[in-house]
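Please examine the sequence and the coordinates below before reading the explanation.

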Amino acid sequence: MSAIPVTTERLPRRHGRALGDPLFRWILIGSSALVLLILALMIGSTTIDSIPVFFSQGLWQFLTGTTWDPGFSRTEITGTYQAGVFLYGTLVTSLIAIVLALPVSVGIALFLTDLAPMRVARTLTYLVELLAAVPSVVYGLWGLHFFAPVILKPPAEAVSDAFGWIPLFAGPVISFNFFFAGVVLAIMIIPIISAIVREVFSAVPDSERFAAYAMGATRWEVMRSVVVPRSRPGIIGATMLGLGRALGETIAVALLIGGGTTINFSIFQQGESVAAKIVNTFQESTPEGIDALIALGVTLFAMTIVINVAARLIVRRIGDVSGDAVA
Amino acid sequence: MSVKPLWLRALPVAIAGTLLLAACSSGSSAPASQSASSDSSLNAELLGAGATFPDPVYQEWIGAFIGDNAGVSITYEPIGSGGGIEQFTAQSTDFGGSDAFMKDEKLAAAEDAWGCDVVHIPTVFGAVAVAYNLSGVDGLTLDSDTLARIFLGEITQWNDSAIADLNSGVSLPNEPIIVAHRSDGSGTTSIFTTYLDDENSGWSSQVGKGKEVTWPVGVGGQGNDGVAAAIAQNDGGIGYVELSYALENELSTASMINADGNAVEPSLDSTAAAADGIDIPDDLRFNILGVGGDGYPIAGATWILAPTCGLDANKGEALKAFLTWALENGDSIAQELNYAPIGDSLQEKSLANVARINEGG
């Protein structure tokens, strides 16, 4: 870099600059404050709407009960609102999605950073990012009319036939269930997780890789004992982001989960998720039913916060142990 | 509490607006052979919102009507019956649309808000068809008790004697029945469960009726399309869909045995016949239950809700002109779109209620 030119003259338009800096500063502060304001408005109004619901049901009953029977009142809460079935469905589909998406995403990321030739890596990166741009309703319809019945159903039936004696895999496998919804969710969150994990992997210093190679490590050993352990906090962070997306995903799950009204333990049977319940019923809902659906939304929001905080705590702990590799 | 969640209401309106654009652009290419009564003196912008079920026919009616009445613009937003009643009660629309008539409490709230009577105007009938997927079986007949017990999970095999007794000569397979229902809140579910609730005591005590109920068995699909997919993808599947959807997609549908013991196939004619023997109260709030004769028993009306005061004079005149035209001349458009017209005797009563719109100024 060349030397900075020195000028002895006074800089022109000093007045404008004197105004520009604080103005810019306030614009930045304003944008940040706007986020807080929107968040506060959202939490405030939804919580106020849903408090009567929580009170009438009791918080524990609301979270664990399994009866959802809306009333017709305009002014008070007369129905029974218990979200256990929906919370269970949200957790199960998200868990299936994470269990499937995490290994695949880590595999994609490792391949892109440590194995693939540059040109292949660039093309594949682009294609994976393309998956993230597909609207979720398209995933849902594709899953409903093609992916679930044609691709997923035969293996699901085979598993259910062979291991149906385990309650988790009990049949019959019908068109809509936790498993189908979970697999489609997994496809939707793979781009998110793999993109972040890829960044984390490429942040691992090449010097460490080369040091391992110099000591005679194979490619597999370098990945296993240098790249992945160095990146663990980042992988967890990426997983949590993917999980957040899976928890809140609405329409694709609504199309595939099967609108169940009881808790089924088999992943091949139908259920309902919190977000799907909201989108499925709010259009035709009664006034008090709307408040109950907002209460569901608040619950989902709280659940996401809890999971995020937990993830941060985990990342911090592991970061302390293994050193900071997050870019 | 009544109008609080406006932010939540805004979403369907936004979506509806988008759909409406699409509906209007397709509407312009549709045959507008029916000549609307031309009254150039009409000049108003009307806004309505409500049930999604009659939306296609309302859009076509609106398109045909405003083609001959350039001064009038009518917007109908299909946000759902619940939202339609809500918006109408909040007076943010000029008229509402609903697949279920307003219960006393809701009607009182709406009349309070407008400060006068609110009239129910039946526009078209819809029916709910029982669709099934059973290879080798063509022409299935069911009655209300059998249907209720299938959806209660009490009859689980297709060759159950209850089904076999109704279908002598049909060889029913020894296959499990796979029940499909709607997972979203819907007027179709309401018509279907209201029918079972009225016919079967086991159903009314265990499940009841409404736009969303707690299903004892079966998988839920989103919309008619989701239910149809569940039926089509599973041999042995049975579910319920809107009649118009079943007709458009040529699904196999069951004949239902009505109150007079006649097995009736679902069709536009048998739906129109359903209301013939029904005792209809003066306020036109009725369910179609206990259908006999040639009528298909799982049917319901859809209503326009309008106030008898509080609209400005231009709007009142325009709304009256539009609904009068739609009821008198809209039958062929309705039939083209697979809706059943309401028939002459009810049409007369409907028109009487139209005449009351804005009578109080």
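The paragraphs that follow take the two chains in turn and then turn to selected local features.

The structure is a predicted model, in which local features need pLDDT of at least 70 and side-chain atom pairs count only at pLDDT 80 or more, while totals for chains, interfaces and linings use all residues. Residues are numbered from 1 along each chain as its sequence is written, and chains are lettered from A and ligands numbered from 1 in the order in which they are written.

Over residues 323-327 of chain A, however, pLDDT stays under 50. Where pLDDT is low, the predicted coordinates should not be read in detail. For this segment of chain A, residues 323-327, the model has 15 contacts beyond four places in sequence; two residues are in contact if their C-beta atoms, placed from the backbone, lie within 7 Å.

The secondary structure of chain A consists of 12 helices and 2 strands. Helices (H or I, at least four residues) and strands (E, at least two) are DSSP runs, numbered from the N terminus. The C-alpha atoms of chain A fill a box of roughly 80 × 60 × 40 Å along the principal axes. The radius of gyration of chain A is 25 Å, whereas a compact globule of 327 residues would have a value near 20 Å; the quantity is taken over C-alpha atoms, and the globule rule is 2.2 Å times the number of residues to the power 0.38. Of the 327 residues in chain A, 40% count as buried. A residue is buried if 20 or more other C-beta atoms lie within 10 Å of its own, exposed if 12 or fewer, and partly exposed in between, with C-beta atoms placed from the backbone. Among the contacts in chain A with a separation of 6 or more, 77% are between residues 24 or more positions apart.

Chain B contains 14 helices and 12 strands, and 53% of its 361 residues are buried. Of the contacts in chain B between residues at least 6 apart in sequence, 74% join residues at least 24 apart.

The contact between the chains takes 32 residues from chain B and 29 residues from chain A. On the side of chain B, the elements that give two or more residues are α1 (6-27), α3 (81-89), β7 (219-221) and α9 (223-233). That side of chain B has 11 nonpolar, 15 polar and 6 charged residues. In this classification, Ala, Val, Leu, Ile, Met, Phe, Trp, Tyr, Cys and Pro count as nonpolar, Asp, Glu, Lys and Arg as charged, and the others, Gly among them, as polar.

Chain B is itself divided into domain 1 (6-125 + 299-355) and domain 2 (127-275), with bounds that come from an automatic or database domain assignment. The contact between these domains takes 17 residues from domain 1 and 14 residues from domain 2 of chain B. On the domain 1 side, β11 (299-307) and β12 (340-341) of chain B are the elements that give two or more residues. The residues of that side divide into 11 nonpolar, 5 polar and 1 charged.

Strands pair if DSSP finds at least two bridges between them. Strand β3 (residues 95-98) of chain B runs antiparallel to β11(B), joined by 3 bridges, and G97(B) has I304(B) as its bridge partner. Strand β4 (residues 118-133) of chain B also pairs with β11(B) in the antiparallel sense, over 9 bridges; here G126(B) is partnered with G300(B).

A further sheet in chain B is open and has 3 strands in the order β5-β9-β10, with mixed pairing. Its edge strands, β5 (141-142) and β10, each pair on one side only. Strand β5(B) runs parallel to β9 (residues 255-257) of chain B, with 2 bridges between them, and T141(B) has S255(B) as its bridge partner.

A263(B) lies in strand β10 (residues 263-264) of chain B. Is this residue buried or partly exposed? A263(B) counts as partly exposed because it has 15 C-beta neighbours inside 10 Å. Not counting residues up to four places away in sequence, A263(B) touches T141(B), S255(B) and I257(B). The C-alpha atoms of A263(B) and D294(B) are separated by 8.5 Å, although the two residues are 31 residues apart along the chain.

Methods: pLDDT = per-residue confidence, 0-100.
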